[in-house]
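Hi everyone, thanks for making time today. I'd like to walk you through a structure that may be new to you, so please take a look at it with me.

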Amino acid sequence: MSDAALAPTVAAVVHLLDLVTEWTTELMDPEKVLEHHRAAGREVTELADLKELDLEHLDEFTRRMALKWRTSGALQGGAMGALAMIPYAGGVAAITLDMVVMHVLSTAIATRVCYAYGFDVSDDEMRHLVDRMVRRAYRNQAPKIQAAREASAAFTAAKGRVRWSAKLRNDHRLMAAVERLMKQFANGRAVPVSRVAKAMPVIAVFAGAGTNAYVLGDVAHQARLYAQTLFLAEKYRLPLPENLRHQDDDEWSPEE
């Protein structure tokens, strides 16, 4: 790194990755689910025992998962957005790292939901659910990646610039759009390049935070709906709704 001022950003990301590791370790441990029910006075020794409980008891464990992971996703996405502003390789590294972290967390969250309803992810049907959730998460991240790339490129291009040029505006339309917005608040007065450039990291952070908050919350929410449906279908020997079967992998939602 050429700029010592960026060191705190990198350090924060390292600490965040340590936290992600801890989250993942806990989420992938089925014993945590069993401990919850034992503490509530329910006699369970393995995941299969959870299927003998009522749905309302199982829902206790997952009720706040979506909210929790929206908050955690916002923190993780914001940190990656900040990392994306590091010149040269920072943007590529941040996007790659972010996708890896989101893959791991999406898999871990869907796995935890499976455990919460008594399903073992080694089962083909439940493995299929986890894979679906991860693919869904990837599809929802495209806008964030584009915004981070554009903000990083604009930030780098504006470094050291004093005046605007037609080429700068044409090459970096995100920066040009922010300039127009700032002009409205400045009653039409010219806005310096440096001032607009300072907004680029904010956009990257908000894009990462907003997208990751939505994606992780959505994974928890959708996986919960699917697991609830599958739990009830098995418990009462009902057919699984058509739109949740394997042939509908490309477009599906338990809410439909």
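Let's begin with Asp59, which is buried, at a relative accessible area of 11%. Buried here means under 20% relative accessible area, exposed means over 50%, and partly exposed is in between, using a 1.4 Å probe and protein chains only. Before I go on, this is a predicted model, where local features need pLDDT of at least 70 and side-chain atom pairs count only at pLDDT 80 or more, while totals for chains, interfaces and linings use all residues. Residues are numbered from 1 along each chain as its sequence is written, and side-chain values use heavy atoms, with hydrogens and water left out.

So, which residue does Asp59 form a salt bridge with? The partner is Arg224, and the closest N and O atoms are 3.8 Å apart. By salt bridge I mean a side-chain nitrogen of Lys or Arg within 4 Å of a carboxyl oxygen of Asp or Glu. This pair links distant parts of the chain, with Asp59 in helix H3 and Arg224 in helix H11 (residues 199–235), 165 residues apart. Helices are DSSP runs of H or I with at least four residues, strands are E runs of at least two, and both are numbered from the N terminus. Arg224 counts as buried too, at 18% relative accessibility.

Glu60 forms a salt bridge with Arg42, with 3.1 Å between the closest N and O atoms. Here Arg42 sits in the loop between helix H2 (31–39) and helix H3 (55–62), while Glu60 is in helix H3, 18 residues away. Arg42 is buried, at 14%, whereas Glu60 is partly exposed, at 36%.

Now look at Glu31 and Arg38, whose side chains meet in a salt bridge at 2.4 Å, N to O. Glu31 is partly exposed with 29% relative accessible area, and Arg38 is partly exposed at 35%. How many salt bridges does a search of the whole structure find? The count is 8. There is also a network of salt bridges that links Arg169, Glu179 and Lys183.

On to His172, in the loop between helix H8 (166–171) and helix H9 (173–185). Is His172 buried or exposed? It counts as buried, because its relative accessibility is 16%. Setting aside neighbours within four places in sequence, His172 is in contact (heavy atoms within 4.5 Å) with Ala153, Ala154 and Ala157.

Next, helix H4. Among the buried residues of H4 are Met65, Trp69, Gln76 and Leu83.

Asn187 has a positive phi of about 55° although it is not a glycine. Asn187 lies in the loop between H9 and helix H10 (193–197), and is exposed at 66%. Arg237 also has a positive phi, near 55°, and is not a glycine either. You can find Arg237 in the segment after H11, exposed at 81% relative accessibility.
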